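Me: I would like to go through this structure by question and answer, with the terms and their cut-offs stated along the way.
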Amino acid sequence: MSDERWVWGTGLATTAADGTVLDTWFPEPAMGRIPLGLDPAMPPEDLEHLAVPDARRAVTVDVVTIEVNLDAAPASTSDAYLRLQALSHRLVAPNEVDLTGIFAHLPNVAWTSAGPMHPDDLTRLRPFLQRDGIQVQGLDKFPRLLDYVTPPGVRIADASRVRLGAYLSPGTTVMHEGFVNFNAGTLGASMVEGRISQGVVVGDGSDIGGGASIMGTLSGGGAHRVSIGARTLLGANAGIGISVGDDCVVEAGLYVTAGSKIVLADEPSRADGSRPVVKGADLSGRDGLLFRRNSLTGAIEAVRRAGVGVTLNEALHA
């Protein structure tokens, strides 16, 4: 098996008093196997210095060195965290890592301003946390990306809106109401003011408008992974459950799913004066389309667009 499908790292694992591994931070994950001659029992001095218990959170911190096969399912909490950080460090792209069963290896964690702790310890230790000015920021399986990785060339207005495991390319801006889930993200400079769900990728130069939503695969049971091409605009409060190609526009407020009935407004009329109608799935991934709702009939229409799509404001993405 090629070493190109492995990733390794040395990091700090946080463990609760009951033995639950809460997280693992890998400062510099790298592709390949653990280098020959590297002794995991001799950790880097800068990490060993940080491997100290924290009685405030009832946790211990230990140095760990692991390697994982990206084509096999996660086998532990540290394994899962290494995969998520490989995505956020842009070592691998979304949907290129086996994440089967990852939720089973991610315990529910109380995320505090001092780091993770076990939820069962939170009530007991709350008075001491408050005394020390430590705040609880969330109770979830996934942490914030910026608590583990600082992706170069990216703007994130609200750290709580981007999960660890998001893949953000240079030039991407995630505004305050934007959201990017794990194993999802942008493949170029993009504006994100809406929701990018798990498994979704957005092409270079595209704009996800305010309040817009892209259907993922976590909740609905669907197998199709939605993608958005380059220079495409998903209008404010719009949504898609199909892929859209390059240079497309989805009108503000319009939600297009695989089962939506769409009138091909550019096609010649039939004998009865109507125009052909197809399902949204039949147009999935097509380039150069405008999806709109006819203001008189209420029907969803697709018309061909000429030339390139949207152009982002370069000053916002530098």
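The model is predicted, so local features need pLDDT of at least 70 and side-chain atom pairs count only at pLDDT 80 or more, whereas totals for chains, interfaces and linings use all residues. Residues are numbered from 1 along each chain as its sequence is written, and side-chain values use heavy atoms, with hydrogens and water left out.

Me: How many helices and strands does the protein chain have?
Reply: Helices (H or I, at least four residues) and strands (E, at least two) are taken as DSSP runs and numbered from the N terminus. The C-alpha trace spans about 80 × 50 × 40 Å along its principal axes. On that basis the protein chain has three helices and 26 strands.

Me: What percentage of the residues in the protein chain is buried?
Reply: Buried means under 20% relative accessible area, exposed over 50%, and partly exposed in between, with a 1.4 Å probe and protein chains only. Contact means heavy atoms within 4.5 Å, and among contacts between residues at least 6 apart in sequence, 49% join residues at least 24 apart. Of the 318 residues in the protein chain, the buried part is 47%.

Me: Which residue in β17 stands opposite I196?
Reply: Five strands form an open sheet with parallel pairing, in the order β11-β14-β17-β20-β22, where the edge strands β11 (179-180) and β22 (255-256) pair on one side only. Strand β14 (residues 195-196) and strand β17 (residues 213-214) pair in the parallel sense over two bridges. The residue opposite I196 is I214.

Me: Which residue of β26 stands opposite V263?
Reply: Strand β23 (residues 261-264) runs antiparallel to β24 (residues 277-279), to which three bridges join it, and there the bridge partner of V263 is V277. Three bridges also join β23 to β26 (residues 300-304), and these two strands run parallel. In β26, the residue opposite V263 is E301.

Me: Which residues are closest to the centre of the largest pocket?
Reply: On a 1 Å grid over the protein atoms alone, a cavity is a set of points where a 1.4 Å probe fits but cannot get out, whereas a pocket is an open set with protein on both sides within 12 Å along at least five of seven lines, and lining residues have an atom within 4 Å of a point. Grid points are joined across faces, edges and corners, a volume being the space filled by probe spheres set on the points, and the largest pocket has a volume of about 400 Å³. Of its 20 lining residues, the closest to the centre are T14, D23, A114, G115 and P116.

Me: Is S78 buried or exposed?
Reply: S78 is found in helix α2 (residues 77-88). Not counting residues up to four places away in sequence, S78 touches A13, V21, T24, F26, V64 and I66. Because its relative accessible area is 12%, S78 is buried.

Conventions:
Two strands pair if DSSP finds at least two bridges between them.
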